[in-house]
Structures are given as structure tokens and as C-alpha cells.
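Subject: Structure for your review

Dear colleague,

Please find below the structure that I am handing over to you, followed by an account of what was found in it. I would be grateful if you read the two side by side.

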Amino acid sequence: MSSIVPIKCKCSVCGETNEYRSLASTNSFGGGPDLDLRPAEMARSTMDVWIQECPKCGYISGKVSDPSGVNTEWLKSDKYLSCDGILFLSKLAVQFYKYYLINLEDNNTEGAFYAILHAAWACDDKEDIINAKHCRELAIELATILIDEEHEDEDNIRLVRADMMRRTGQFDEMIRMYETVEFGEELMNQILEFEIEKSKDKDSLCYRVEDVLGEKL
């Protein structure tokens with residue numbers, strides 16, 4: 001089971017100390033991850049403790065004690081408070097989207113990429129299809145930047161981008177972009193082959209790594 005414990009953290013923006021819930025341990029014994037790396041249960045259901053929100057100023061981070069270039073005035077901006085005018089169905093999606101905006105403001109492309117991907121997962125859980133697609137489209141843009149910058153995790157990000165392109169209905173573009181791509185790991189090549197076949201079928205559903213392995217048996 002997942003173990004969640006209370007911790008006290010001081011907000012790096014406003015200086016107020018509050019108690020937060022923190023993930024001490026979890027597991028993913030419920031099977032393999034989704035093709036966009038979302039873990040299986042029980043880790044899958046711990047997203048609400050992956051980030052903290054300061055109740056005083058609204059700052060959001062993995063830990064509110066983490067430093068940032070934003071200040072209290074920026075946190076009061078309409079852009080931040082309204083999530084760029086997006087009406088999310090999930091409070092958790094709102095939090096991850098705000099975390100995405102903070103990472104953008106801090107010029108942290110990798111942090112912004114994972115934050116907006118997690119926002120998409122939160123939308124998935126509420127069947128907020130339109131906003132899940134929009135979040136993935138934003139994540140695709142950031143993934144492309146990370147790939148162009150030759151990020152150390154480039155292959156995984158490239159493979160996740162293929163899944164996001166399929167999930168957002170960019171079937172033909174994904175096939176053209178990836179049909180000649182080959183990774184150094186066989187499992188990654190199997191996953192990419194699976195993604196391309198599903199794109200040929202115009203299939204935008206969510207799949208897990210075990211779905212790929214099952215088709216290989």
C-alpha cells in the first residue's frame with residue numbers, strides 16, 4: 001500500500017509554514033505503466049500528493065520550500081488564477097496546470113513538460129477529454145524542445161511524444177515522423193511499432209506496456 005505522512009514545509013514565496021501530505025512510499029504492483037509512463041496502481045492514485053499548494057499565496061511545487069522566480073504578485077495574475085481561461089473539471093488538473101505555468105516562468109522546460117503531462121492524466125481521470133487533449137498538445141511542444149536540446153532522457157521523451165501524438169489524433173504526422181526511428185532497446189522498438197500500428201487504425205485509446213507485450217506473445 002501507499003504510505004502518506006504529514007510534513008511541515010515553509011513556502012519559499014510567502015514564507016508561511018503549513019502541514020502537507022507527503023508520499024513516503026508506494027508501489028506499482030498493479031501491472032506495467034501506460035505508454036505515456038503513467039504508473040500502475042497503487043502509485044497511480046497518489047498524484048494528489050506529488051505536489052503541494054501553499055494555502056496562503058497559492059504557490060505550487062513538488063515541495064513549496066523549493067525556490068522559484070515567481071512572487072506573490074505573479075501568483076495573483078489572471079493568467080495564473082484562471083489557468084489561461086481553461087475550465088478544468090478536475091481540481092488536480094488545475095494544480096498541475098498552475099505548476100506547469102510556474103515551471104514555464106522559471107524557464108524549466110523539463111518541469112513544465114512533466115507538469116502538463118500530469119495535468120493530462122488528471123483530466124483523463126475526470127473524462128475531461130477536450131482538456132486532456134489540449135494538455136497533451138502542450139506537452140508535445142515541450143517534448144520537441146527537450147528532444148532538440150538532446151535531453152539526457154531523450155529516447156523516453158521521444159517515445160512518450162509518439163504516444164501523445166497518437167492520443168491527440170495526429171496519426172499521419174506521427175507515422176511520418178516515426179516510421180524510420182529505431183531505438184537501442186528492443187522493448188522501445190516494440191512499443192513504437194505498436195504505436196504506429198494503432199495510428200494506422202486511427203486508434204487514440206490509452207494502452208499499457210503489457211498490451212504491447214501481449215501482442216508479442
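Predicted model: local features only at pLDDT ≥ 70, side-chain atom pairs only at ≥ 80, totals over all residues.

Sorted by class, the contact of helix 4 with helix 5 holds 15 nonpolar, two polar and three charged residues.

As to geometry, the axes of helix 4 and helix 5 are 8 Å apart, and the two helices pack at an angle of about 160°. Angles over 145 degrees count as roughly antiparallel, and helix 4 and helix 5 are therefore roughly antiparallel to each other. Their crossing is left-handed.

Helix 4 also packs against helix 3. The axes of helix 3 and helix 4 come within 8 Å and cross at roughly 165°, which means that helix 3 is roughly antiparallel to helix 4. This crossing, too, is left-handed. On the side of helix 3, the residues involved are Leu 92, Ala 93, Phe 96, Tyr 97, Tyr 99, Tyr 100, Asn 103 and Leu 104. They meet Gly 111, Ala 112, Ala 115, Ile 116, His 118, Ala 119, Ala 122 and Cys 123 in helix 4. The contact of helix 3 with helix 4 comprises 13 nonpolar and three polar residues, with no charged residues.

Helix 5 (residues 129-148) has a further partner in helix 6 (residues 154-167), and the axes of this pair come within 9 Å and cross at roughly 150°. Helix 5 and helix 6 are therefore roughly antiparallel to each other, and their crossing is left-handed. Helix 5 contributes Arg 136, Ala 139, Ile 140, Ala 143, Thr 144, Leu 146 and Ile 147 to the contact, while helix 6 contributes Glu 154, Ile 157, Arg 158, Arg 161, Met 164, Met 165 and Arg 167. By class, the contact of helix 5 with helix 6 has eight nonpolar, one polar and five charged residues.

Within helix 6, Arg 158 may be considered individually. Leaving aside residues up to four places away in sequence, Arg 158 touches Ile 147, Tyr 178, Val 181 and Phe 183. The C-alpha atoms of Arg 158 and Ile 140 are separated by 9.4 Å, and these two residues are 18 residues apart along the chain.

Helix 5 gives the most, with four residues. The lining of the largest pocket divides into five nonpolar, one polar and six charged residues.

Finally, two details of the backbone deserve mention. The peptide bond from Glu 41 to Met 42 is cis, with omega near 10°. Met 42 belongs to the loop between strand 2 (17-25) and strand 3 (52-53). Asp 84, although not a glycine, has a positive phi of about 60°. The location of Asp 84 is the loop between helix 2 (78-81) and helix 3 (91-105).

With kind regards

Key:
Residues numbered from 1 in each chain as written. Heavy atoms only, no water. Axes fitted to C-alpha atoms, helices over the stretch in contact; angles between N-to-C directions. Parallel < 35°, antiparallel > 145°, perpendicular 65-115°, else oblique. Left-handed = near helix turned anticlockwise from the far one by under 90°. Contact = heavy atoms within 4.5 Å. Nonpolar A, V, L, I, M, F, W, Y, C, P; charged D, E, K, R; others polar.
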